[in-house]
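Please open the model in your viewer and keep the selection panel at hand.

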Amino acid sequence: MPSAVAGRTVLIAGATSKAGRTVAEALTAAGAKVVAVGSNRGRLDDLREQVGDVATYVCDLADFAAVTELAERVRDEHGGIDGLIQLVGGWRGGGGLAGQTDEDWDFLHTNIVQTLRNTTRAFNDDLLASTAGRLAIVSSTSVAKPAAGGANYATAKAAAETWVRAVGQGFAKAEAPAATTIFAVRGLDGLEGQLAGAVVALWDQDAVSLNNSRHILQPDAS
Ligand SMILES: NC(=O)c1ccc[n+]([C@@H]2O[C@H](COP(=O)([O-])OP(=O)(O)OC[C@H]3O[C@@H](n4cnc5c(N)ncnc54)[C@H](OP(=O)(O)O)[C@@H]3O)[C@@H](O)[C@H]2O)c1
């Protein structure tokens, strides 16, 4: 039976990591059109070589003007998107509370919060217009159990989760058939396949019950 994501256009924001590649492969295999975005042309070319039929765009997702321009191009060239899978992340931490530096906070805020704010603001109308709009991020179990040495990181992830819930509230208020989901992991290593399967399955689920859901992915569940 064809997957419900078949024929959908799904943008992966930060697509060149192992997780991004695995999600792109699963979506493509399920019949979706993948729009892969990253900041590095060489890594995007490698992704296209490995995955095959993927549209690639270089964009600094931390720059709102650049993301707005990207959204216009994607609309022109693909007619908008049905899904936004936000994977830009990164880790900085250690050294207890004293080690939570401003430089690390700026990095985490830019990568985790700012890029998410930019993509969701620029593509919100697409997700609202879609007959099955989906937004997903990968967060961390440390949001519920933060450590002093990871305070910057857990705080940035908590902010991202709150932002996603606000997007979901907007979907519900508009009575759009759109939904947000937060996947939370302790570590992503080894869970890329489980994440990819869960992303593909987002389109198999009813938007109202899926919206503003949070799922913990863990090794024994795969
Ligand atoms: N890894 C873990 O153990 C773990 C644990 C908990 C949560 N997570 C979360 O899971 C998600 C995926 O993790 P990951 O390790 O695959 O992510 P990642 O490597 O930190 O980021 C994914 C991709 O984003 C791209 N990127 C970075 N800055 C960008 C920018 N300004 N504009 C455009 N693209 C940019 C990078 O590719 P280019 O350099 O090619 O642009 C990178 O390959 C992240 O949100 C992460 O925080 C991961």
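The model is predicted, with local features needing pLDDT of at least 70 and side-chain atom pairs counting only at pLDDT 80 or more, while totals for chains, interfaces and linings use all residues. Residues are numbered from 1 along each chain as its sequence is written, and side-chain values use heavy atoms, with hydrogens and water left out.

Helix α3 spans residues 64-78 and helix α4 residues 102-129; they pack at about 25°, with axes 8 Å apart. Helices (H or I, at least four residues) and strands (E, at least two) are DSSP runs numbered from the N terminus. Axes are lines fitted to C-alpha atoms, for helices over the stretch in contact, and angles run from 0 to 180 degrees between N-to-C directions. The two helices are therefore roughly parallel (under 35 degrees; over 145 is roughly antiparallel, 65 to 115 roughly perpendicular, and the rest oblique).

Now display the side chains between them. F64, V67, T68, L70, A71, V74 and R75 of α3 meet N118, T119, R121, A122, F123 and D126 of α4, contact meaning heavy atoms within 4.5 Å. These residues comprise seven nonpolar, three polar and three charged (Ala, Val, Leu, Ile, Met, Phe, Trp, Tyr, Cys and Pro are nonpolar; Asp, Glu, Lys and Arg charged; the others, Gly among them, polar).

Next, select α1 and α2 (residues 41-51), which pack at about 40° with axes 10 Å apart. They are therefore oblique to each other, and their crossing is right-handed. R21, A24, E25 and T28 of α1 make the contact with L47, Q50 and V51 of α2.

Finally, select L87, V88, G89, G90 and K157, which lie nearest the centre of the largest pocket among its 45 lining residues. Elements giving two or more residues to this lining are α1 (18-29), α4, β5 (133-140) and α5 (151-173). The lining has 19 nonpolar, 18 polar and eight charged residues.

Note on methods:
On a 1 Å grid over the protein atoms alone, a cavity is a set of points where a 1.4 Å probe fits but cannot get out, and a pocket is an open set with protein on both sides within 12 Å along at least five of seven lines; lining residues have an atom within 4 Å of a point. A crossing is left-handed if the near helix is turned anticlockwise from the far one by less than a right angle, and right-handed if clockwise.
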